[in-house]
Amino acid sequence: MNNPSLKGRPPYPFKTIGVAVAFSPRLKEVLGEAIIIAAACDARLLLFHVGRKTPHHETTLRECCQRLGLSSQATRIIWQDGNPVPTLLNLCKVNGVDLLILGALRRENLFRYYLGSVARGLSRAAKCSLLLLTEPKANGTSFSKFVICGDKNPKTIHTINAAVYFGQNVGAQEITVVTELDQPGLAMAMADHSTAGQALQTKSQMNSEAISNAHDMICLCAPGKITIKEKTIPGQPGHAIRQYAESSHADLLAINSPDTRYGLIDRIFPHDLEHILEDLPCSMLIVHSRSCQTTPNRPSP
Amino acid sequence: MSKLSHNDLITLLLAVSTMLIISRIVSEYGKRFGLPLVMGELLVGIALGPTILGHLSPTTHSILFPFASNANFSLAMDTITSLSVIMLLFVTGLEVRLPLVLRQGKIAITTGLGGMILPFASGLALAWFFPQLFNAPNNGPSHAIFALFLGTALSISALPVIARILLDMNMLKTDIGMVILAAAIFNDLVGWLVFSFILSMARQGSGSPATIGHTIMSITAFSAFMLIAGRFAINRILPWVETNLSWPGGVLSLSLGLCLLCAAFTQSINVHAILGAFIAGIVIGDSVHLREQAREIMHQFVTNFFAPLFFVSIGLNVDFLRHFDLQIVTIVLILAYIGKVAGAGVGAKIGGMSWRQSLAIGFGLNARGAMEIILGSLAFEAAIISQPVFVALVVMALITSITSAPMMRYFMKTPSPTQQTRVS
């Protein structure tokens, strides 16, 4: 297998899609979703299993693929021993994976910590985009309503474009670019010498700046038939958008990949991505912008 | 049991209302000239205190503020100012968002560290090797405590003033604004932890390794417990309180109650009450469930009621003219500017900013404002510093706060608000 260089490659189109096969009770559902998405994106599908290749596992996977109509010639199954997170990361890198699909638990608890930690570990460190499926269905989920995090970040435009590309392929109808308004120090600064009018003006100015910023980014996209809206919500990053996605019954939440490598301290004092991973509101697409220097304009499909 | 008499209560109420009303008028007037709120409050204290009114009309001064002649009044005022400082530290803690420091990553840490290490080292070294410059003791535990204090005093920043400056300059949401805020949060967090240690050492009056170890352990254990277990508990209790109890009464009662509880606890373990209040503020302010409106109410309440009483009372207790020592003021000012601007500037440069941006960040973090005055006031109360050093710290706090915005504008090439108005 070639080892194509991932650096500088745009985050979309998804030419190679990997699936993390965990032999969990949801194996069939995750695989079914991956097959449908790969077909929609016209992508090559790779199946990764981290663990020993036992005859039982081999048979189970073959049977599952057959039931889902996936021929063994059309796809590659890669078995490798090791620690799940680094092994999967390495497999994605070696195989030039653009999107890794895996099943994720909505809410972590002590008993489900291990599974949760694999999703977390991958989310923090993956060099490709990730699709975490909370409620996969063997016959495919309807990804109709997307919520995208519209942070003021150079990566955001890539995330919006990647989500639009994905949305066009899976038949999305509505995308909302949401900007979270949280300004540390604002309440403190306004308590000191601000009239009611000034306070109101400051807040509305911040709101319109966020809307205008999101609007500028949306103008760079070619959404096709998808309706794109912009919205601002108050609250701490990660937590506010998680709540919004939940209350608006979104099918997919798309966010930027983390800027820095998250560690234990980020877990103790959770922020951004960690807040979302704590309690996934819906399936989540984490877009990894391999290079922010690439042109933000979406290439025509 | 000693209690306030009918006349004592009238005097106290009159004094409090005088402090609140006059400081509001002066502060609003000062606002037209871009002066920070705290400046107006201090000026009122200086005008009503021994510095001016005490000289011009000692009888009026002693009738209005009978600190010397009425022990009950003095005790009541002392209680009000103690409560005020606890509340001020609580609302400062409310804005300490640890995730912001983590989000900003390397640059927040290098800037914050640079803005602490150089001022701390320069203040500590000067006070240690040349205590005579500050008329400070030159041996024994007091010498070490004074040196540690001066280092800490020079390394702290004032989050409220910085936030206000950034808001006025429309830089609160910019990258530089975020770096300054994150570094100031880092400075405040470390600075107040170190200062709690110094206060505790000063109170215990012993520099034995066992005492130092015990104090460090108490501060670390309390902070760690509250920041981990306390945050976990608050994140579960707060949503329930917001849903099931009166709004915003329930949240306010819980927040202020927790603040006073933590303050009482830290005071009882021989660490100053401010640490408890500060950590309680962090725990509550960091919660994703705390609504912005509740945060605003707490800030408004403390900034417009407790803060004026505290800052005016500073002027009431200290004669700023008699204790103004030009040498000490000059040394403190030079140390403050060089240490903070150079330290934070180099830190920001290491973090990846340009030199101009780094200097703007350095000057931004140089604003000490109310925090420095609180720090100095507590140190003065604990007999760590003399009146001239306290006066020098107050002067430094005011000058650094006033010069911060113009210097930032110069390096950022941002037009001043008047220029912006003219352009628009």
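## The interface between the chains

The model described here is predicted, and in it chain A and chain B bury about 3,200 Å² between them, 60% of which lies on carbon and sulfur atoms. On the side of chain A, the residues A:M188, A:H193 and A:F269 supply 25% of the area that this chain buries against chain B, more than any other three residues. The contact takes 31 residues from chain A and 40 residues from chain B.

Polar and charged groups also meet across this interface, where 2 salt bridges are found together with 7 residue pairs in polar contact. In a salt bridge with an N to O distance of 2.9 Å, the side chain of A:D182 meets that of B:R97. The helices α6 (186-191), α7 (196-219) and α9 (264-268) of chain A each supply at least two residues of the side that touches chain B. By type, the residues on that side of chain A divide into 13 nonpolar, 12 polar and 6 charged.

## A covered helix in chain B

Helix α17 of chain B, which runs over residues 369-381, has 13 residues and reaches 19 Å from its first C-alpha to its last, close to the 18 Å expected at 1.5 Å a residue. This helix is mostly covered, with 11 of its 13 residues buried; among them are B:G369, B:M371, B:I374 and B:L378. Just after α17 of chain B, the residue B:A383 takes a positive phi of about 65°.

Most residues other than glycine have a negative phi, and most peptide bonds are trans.

A:F23, in the loop between β1 and α1 (27-41) of chain A, has a phi of about 55°; its relative accessibility is 19%, so A:F23 counts as buried, the cut-off being under 20%. B:N270, in the loop between α12 and α13 (273-285) of chain B, has a phi of about 70°, and because its relative accessibility is 36%, B:N270 counts as partly exposed.

Notes:
Residues are numbered from 1 along each chain as its sequence is written. Chains are lettered from A and ligands numbered from 1 in the order in which they are written. This is a predicted model: local features need pLDDT of at least 70, side-chain atom pairs count only at pLDDT 80 or more; totals for chains, interfaces and linings use all residues. Side-chain values use heavy atoms; hydrogens and water are left out. Contact means heavy atoms within 4.5 Å. Buried area is the accessible area (1.4 Å probe) that two parts lose on being put together, summed over both. A salt bridge is a side-chain nitrogen of Lys or Arg within 4 Å of a carboxyl oxygen of Asp or Glu. A polar contact is a pair of N or O atoms within 3.5 Å; within protein, one must be able to donate a hydrogen and the other to accept it, and residues adjacent in sequence count only if both atoms are side-chain atoms. Helices (H or I, at least four residues) and strands (E, at least two) are DSSP runs, numbered from the N terminus. Ala, Val, Leu, Ile, Met, Phe, Trp, Tyr, Cys and Pro count as nonpolar, Asp, Glu, Lys and Arg as charged, and the others, Gly among them, as polar. The expected span of a helix is 1.5 Å times one less than its number of residues. Buried means under 20% relative accessible area, exposed over 50%, partly exposed in between (1.4 Å probe, protein chains only).
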